[in-house]
Structure formats: structure tokens, C-alpha cells
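User: I would like to learn how to read a model of a protein chain. Please show me the structure, and I will ask about its features one by one.

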Amino acid sequence: MNNISDPTMTPPMPAPSPERMPDAAVVSNLRDAILRRLTYSVGKNKGSASEYDWYLAVVYATRDRIVEQWMASTNAAYVHGPKRVYYLSLEFLIGRLLRDALNNLGLTEAMRAATHSLGVDMDRLRLLEPDAALGNGGLGRLAACFMESMATLSIAAHGYGIRYDHGLFRQDLKDGWQQEYPEDWLALGNPWEFKRPEVCYRIGFGGSVEAISSPDGSTRYAWKPAEQVEAIAYDTPVVGWRGKHVNTLRLWSARACDPLSLEAFNAGDYVGALADKMRAEAISKVLYPSDETPAGQELRLRQEYFFASASLQDALRRHLKQYQDLRTLPEHVAIQLNDTHPAISVAELMRLLVDTHGIAWEEAWKITQGTISYTNHTLLPEALESWPVPLLERLLPRQMQIIYLINALHLAAVRKAGHTDSGMISSISIIDEHAGRRVRMGHLAFIGSHKVNGVSALHSALLKQTVFRDFNSLYPDRIVNKTNGITFRRWLFECNPALTRLLADVAGEAIYDDPMALRNIEPYAEDPAFVAEFASIKRQNKVALAKIILDRCHVKVDPDALFDVQIKRVHEYKRQLLNILETVALYDAIRAQPYLDWVPRVKIFAGKAAASYHQAKLIIKLANDVANVINADPTVRGLLKVVYLPNYNVSLAESIIPACDLSEQISTAGMEASGTGNMKLALNGALTIGTLDGANVEIKEQVGAENIFIFGLTTAQVAQRRGQGIDMREVIAQSSNLHEVLDAIGSGVFSPNDPHRYTDLVNILTHHDHFLVCADFDSYYARQRDVDEKWLDRTSWWRSSILNTARMGWFSSDRTISEYASEIWEAELLDKG
């Protein structure tokens, strides 16, 4: 279970320095608040309280401080009437909240002092908090950063998602194979949330649509669902920097309208009596259930509609309460769709406006387009969701009617404007007729939005050139760019407090409020005393991570080695496989040329593969097989170690990122929309090795070409190479390193108990290398040797490391959200100071 203390989880926060000692009165007030909460909320006294009891008391005392400002922020939104932002996301990877809340309230040291006075170790308490299992990777973590930045910027915002009982899954590695287990983050409850049973909406599925004729000759439509479930709200306050503003993350839990069938129960069918309850509650059980079966596909669609409908009903209720007229919705509300998961919102908002509130179609469509905007996060076809038409017709019949009508009117308008080419008409139709009739959710989101944004300059340009090319020709001003960002509060101030204090000492306190003030440390990249302290902090973080690696992987690593890190969701386009191939090549070179001055290196992998993504799971197994062989080989002399840390999550990232020396951002060019791990790692002084993909392009522009290791084919070259074919036999024949590596893997050197385990994998790389791993291998290997050369020049390495930190200010999520607010949402700040 997640509630067991693990002192190796993250490096302890240093004790407060004398000049930063907290106010005695604040400490006393917090101490009294903790004791009150221990007694009256936890029901324990000091003598009987467990560590977890103390944790709850500290959370409740912290939450009380947040709630005061939460109420004030909520009231201000009603009094001053700023435009409200509703951020709809299937994922919110918020991680642990205690340290985040205390940091933003400015109470970290005061709370530590208060708990110390009670004989309680604050650093042990915060490790008892489980990571909220509400996301998978970058999409969910971005949503969490954006929520924190919206609160920091005093934008009146709500996040809407699903309160998953078990989230994605807990990853274990059994003999190197990924095993998935239910995540139990809610086993002991969630002290941060407020259940709102009075905030409950009925969500329908199935049934029929009845056409009702009016006396004036018009027809209205009434959906008669065959099944209904209830969406129950759970609210978590999201506090911004310095506690000035607090927003709400509202997550929906699914509940059956009736807890059981009494008729079935009384007939002795005790299991069957609970069938409806289990079917309803399945909606909020697990994030991303496998869609390999029709039942899995249906559950995913039920999830997406469930949270979209509940969120829209809630937003309309709030608007009517404040303004009484839905026709003013675009003036006062902005709805942001985070990827295609909530795209059904376009049809659902139309249904609510037309069917429920009686607004004419044309006016409702104007309201819908004026309110909704859509963020695209991928160019991958499988990630641009589409649903079989028969599934939508059966599960959401009225919404499917609305989608048909939206599509018909859209295509008619395009034809009327003179665009009659059948190829174009087919490409912009919401209904894909090519491989079984399917509803393209990205198309629906695009047509129903007034703005569509990519998440890096390259990604936004590719949106215009590829998946939305014809749409862009019709609506040239609709696609805009909003390069992603990260919140520096969590990814620098909290996870790397020692470095933060050093930066503030030399660059001034301004860095806490203005990320661009980090530029002030640039001159210190040449200062020996500063460089030595910067390097010392990095080593301390590496020592802490080495303890975690020993505890979890049972591998001892040298903190003075180069920590080479690839931490991200496992996917073929992210090319963990390329990293593994280079690892094997390096292993061979170290053994073949032991007389060379090899740089000691630790290859650190972490990340989950989707439960049904068998190739990605095989890559995880390969990484572990390679690790087992290399780590056990005495001829390597400790110069190379390989570890795969299981169950990657936010808290583990907070330990790895400050300790990283080299950041692996090696996706096939043109396939990574942005990336945010690249930003977090560079902010903490890691040098990036990567392709010109996603936000790597902008990182290179910010930090300077001499402070990043770029390799591989460009986006244009990738397209050209694929056009020539993706059979790599000739490439492999021309690279002795690559040939030997593939031969070793394919022949079972790393899987002697199953020599043919990787035969198919090697065959794919040889004959059908869609992700161009082989094409980029030699360039990548050569650039890694440039990394070695720079590492040996310690002055040059630390200069580049410091300049990476100094020049990352532009990648703050505060900047990103400011751009959304001014250019997409037209949302003003409640606190303009």
C-alpha cells in the first residue's frame, strides 16, 4: 500500500537556515491547529496517534488555511464576474499535495518547526501521502501544472475530470516483465477532497430519440435514455503561488441511481442485485481500460461522455445562477478541451442548448463555437480518437444525430464556398468512410472550436501541414501555437530546494515570482565558487537517487558517474529502444577497448507501457535483460550500469529530475508534440541529447546550440526517408556497431533462456523500421561520444549545465497560461496586481 513510509523516496528538505527561520507566532498557531485537528477530526490524542494520524492532522490544518482563501476566491468570481475557464481533461496527474500546498502558502518551514515541536518528523509525514493516481504521463501532468498556474495568475478556473478509484495501474517488474496491479491511492481516503453529494447530475446512455411536433410546425427532440448513472462531485482546492488565489479541481465519481435491485435481492440473486451498481461504478474505476475488446471500447466512450456531460451541466448551472441567460455564455465562459478525450462536449453542449434549454440550432452553434477551444497533443493516428458509428448510435443516439447534422451543415457550407473536390470533402468530414464508418473526434473538436492549438512551434506547424491541412486551408486563423510549460514551484522550488536557495542567493528573490529572472545567474557560470556549489548540490541529489536505486533495483551505482536518464511513457516513437541499442553498443566498446578513458555512466529508465501495448512491454523486458547482463559482467568494471525503476510517478520524478546529468529526448522527429520532461530536466541543470522534435527545438533556441546535443534526422528528412522506404538492411550493413548490436539481441545474448525472444523485434527494425531507430543510430552513438568528451571537460560541462538552468525561464507554465488567457480565452485576471 502507498501509505507506508519510505525515507528513500525523495531527498529530505534541508533544515531552515537562520535567516529564514519562521515566525514564532505562525509556528504556534500551526501547532495548535494540528492538535485541534488531531483531536476533533482524526479522533486521537498525542499518546495514541500513529504517524498516519499525524499526517492527517497536518493535512487538515494545512487545508484549513487554503479553504479560507478558497472561499474568498469563489466569492470574488461571483462579485467581480471575470470570465470563467473550464479545463476538461481525462487526466490530472497532481502527485502529492502536502509539500505543494505548504510551499505555495509559504508555510513549509513553519510547518516543519510546528511538527518538530510536537516530536514529529515532517519529512517522514509527507512521504505517507500516496500519489493521486489520476493520470498516465505528460498530458495529465500538464493539466496539473496548468491548474496551478491558473490559480497563481488568479484566473477563475475549474478543472474537470474523473475521480478514478484505481487510476492507471501500479507497475511491478517480475523477471523484467511489466505486471499491472490496481493502484490503491484511495484505500485510506483522500483528506484533501470535499465530497459534494448535493452536486449530482444524471448521465444517460442508450435508449431512443423521440421527435415531438410543436403547434408552430417545428420539431424538437427528446432523448429517452435506457440507462442512467449519477455523477457525484468531489472538490479539491488548488492553491496558487503565495496563496493569493485558490481554484477548484472538480472530479466526478460514478454512482448507480439505485444501489441495488431489491427484486433480484429478495429473489436470492444477491450478486445480480448489484449488477447495475457495478456497471455504473466501472466508469470511474480505472483510467484507460484496455480497448482491445468491444466492451473496453464502450467503457472508454462511457467515461468520456460521463465526465464531459457532468462538467457541461455543472458549468451551465453556474452560468445560469450568475447571469440567467445562456446566450451570453461565450462572453463569460471559456471551455478548453485537453486533447480529444472530451471532444464529445461539442455534441453534448449542442444537445443541452437545443434540447434542454430550447435555443435555436444556429444560435446554439454560435454559442458552442464561441465557448469551446481545443488543444491537440498528437499527430499519431491512433491517438486521434475515432469511434465506430454503430457504437455511438447505440450508446449516445441523440449525440450521434447532432454529429450527423453538424457534419452535414459543415460540408454544405464548404461546398457553398466553392470547395467541391471529393478528396478534400472526404478529409474534412467528421465521418470517416474508409475503414468502417467511424466518427473522427479530432475533426469534431476542430469544427466545434473557435481556436485549436498545438503545444510547440514545430507541432503547431505540422498540424497545419498534416492532420488538419485541409481544415487550415479553410480556416487559416484557427490553429495557433501555445508551447507547453511547467510550474517552477513544483519542478524547481519543491523538488530541488537547495538549488533554489543557491539561485536566489545570487540572482535575487525575484526568481520566485519571475522565472525570467533566472537569467541573472548567467554570469556565475564562470564563477568557480558558484560552480562548485552548483556541482555539490547536484551530487547530493545523485546520492539520494542512488539510495532509491539501491532500495528498489538492488543495484549500487556511483553518484560520480554520469546519470543518463530517460523517464517517460514507453512508446515506440519515444524510442527507448534506440537508447537500449546504444547501451549495448557502449557495453561492447568498453569490453573491446578497455584501455580507453571511458566515462562512468548510469543508464536510468523509468516509465509505464499501456497494458495492451505488447511491443512497448517487450521493450521494457529488453531493457531489464540488458541491465541484468551488463550489471553482472565484471569486465565492465563498474563503468556502465543500467537500471529500470518501476512504477514511475510524480514523486519518483521529483527524485530523479534533480539528479539527472543527461536528459534523453530522442523521439522520432515530428512525432513528439512537445514534451515537458525535457523542460523539467533542463531547468534542473541536465543537458539534453535529442532530436529536433517537439519543444526540443525551442529549448535549443533558448539555451544555445552549444549547450544541447542535437542529432538525427529532421522532420523533413524523416518524411523523405519514409518515402524512400523503411527497410533498413542497407543501413545496418553500413554500420558495424548497429549490425553487431542487433545480432547480439536477436541471437539471444541477452535472453539465453529464450534465445528467440527478440527475433521479431530485430526483424521489425531490419525490415519495417517505421520509427527510424536504425536510421538515427550512428548519429546518436556519435553524439553520445560528444557527451563523454564534454563530461570530461568539467568546466565546460558545468558551464552548460548552469546556462540550461538560467535560460529555461520562458518555459514556465505561467507564460503558457497567460498566452491562453489573452489569445484564446480572453480571460482577465481577478488579481491584476
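User: Is E582 buried or exposed?

Analyst: This is a predicted model, and what follows is computed from it. A residue is called buried when its relative accessible area is under 20%. E582 has a relative accessible area of 0%, so E582 is buried.

User: Where does E582 lie, and which residues does E582 touch beyond those up to four places away in sequence?

Analyst: E582 belongs to helix α22, residues 576-592. Beyond residues up to four places away in sequence, E582 touches K603, F777, Y780, Y781, Q784 and R785. Sequence separation can also be set against separation in space: E582 and N737 are 155 residues apart in sequence, and their C-alpha atoms are 9.0 Å apart.

User: How do I read contacts over the whole chain? What share of the contacts joins residues at least 24 apart?

Analyst: Start from contacts between residues at least 6 apart in sequence; 78% of these join residues at least 24 apart. For the setting, the protein chain has 33 helices and 22 strands, and 61% of its 833 residues count as buried.

User: What does the radius of gyration say about the chain?

Analyst: Compare it with the value for a compact globule. For 833 residues that value would be near 28 Å, and the protein chain has 27 Å, which agrees. The C-alpha trace spans about 95 × 70 × 60 Å along its principal axes.

User: Which residues touch the most other members of the largest nonpolar core?

Analyst: That core has 151 residues, and those with the most contacts to other members are M150, W252, F306, I403, I406 and W825. Helix α2, residues 51-80, gives the most to this core, with 11 residues. A second, separate core holds 127 residues, including L618, L652, V773 and A806.

User: Which residues is F306 in contact with, leaving aside neighbours within four places in sequence?

Analyst: The contacts of F306 include I162, I203, F205, V229, W252 and I283. E230 and S253 are also in contact with F306.

User: How should I read burial along a helix, and how many residues of α11 are buried?

Analyst: An α-helix has 3.6 residues a turn, so residues three or four places apart point the same way. Helix α11, residues 345-356, is mostly covered, with nine of its 12 residues buried. The buried ones are S345, V346, A347, E348, L349, M350, R351, L352 and L353. After α11 comes G358, with a positive phi near 70°.

User: Where do R242 and H554 lie, and how exposed are they?

Analyst: R242 sits in the loop between β8 (227-239) and β9 (246-256). Its relative accessible area is 46%, so R242 is partly exposed. H554 is in the loop between α21 (528-553) and β17 (562-567). With 66% relative accessibility, H554 counts as exposed.

User: How many positive and negative side chains are there, and what does the surface consist of?

Analyst: The protein chain has 87 positive and 100 negative side chains, and the centres of these two sets lie 3 Å apart. The accessible surface comes to about 30,900 Å², and carbon and sulfur atoms account for 53% of it.

Terms used: Residues are numbered from 1 along each chain as its sequence is written. This is a predicted model: local features need pLDDT of at least 70, side-chain atom pairs count only at pLDDT 80 or more; totals for chains, interfaces and linings use all residues. Side-chain values use heavy atoms; hydrogens and water are left out. Helices (H or I, at least four residues) and strands (E, at least two) are DSSP runs, numbered from the N terminus. The radius of gyration is taken over C-alpha atoms; the globule rule is 2.2 Å times the number of residues to the power 0.38. Buried means under 20% relative accessible area, exposed over 50%, partly exposed in between (1.4 Å probe, protein chains only). Contact means heavy atoms within 4.5 Å. Accessible areas come from the Shrake-Rupley method with a 1.4 Å probe; for residues, only the protein chains shown count as cover. Lys and Arg count as positive and Asp and Glu as negative; His and the chain ends are not counted. The place of a charge is taken as NZ of Lys, CZ of Arg, CG of Asp or CD of Glu. A nonpolar core is a set of buried Ala, Val, Leu, Ile, Met, Phe, Trp, Tyr and Cys residues joined through side-chain atoms within 4.5 Å.
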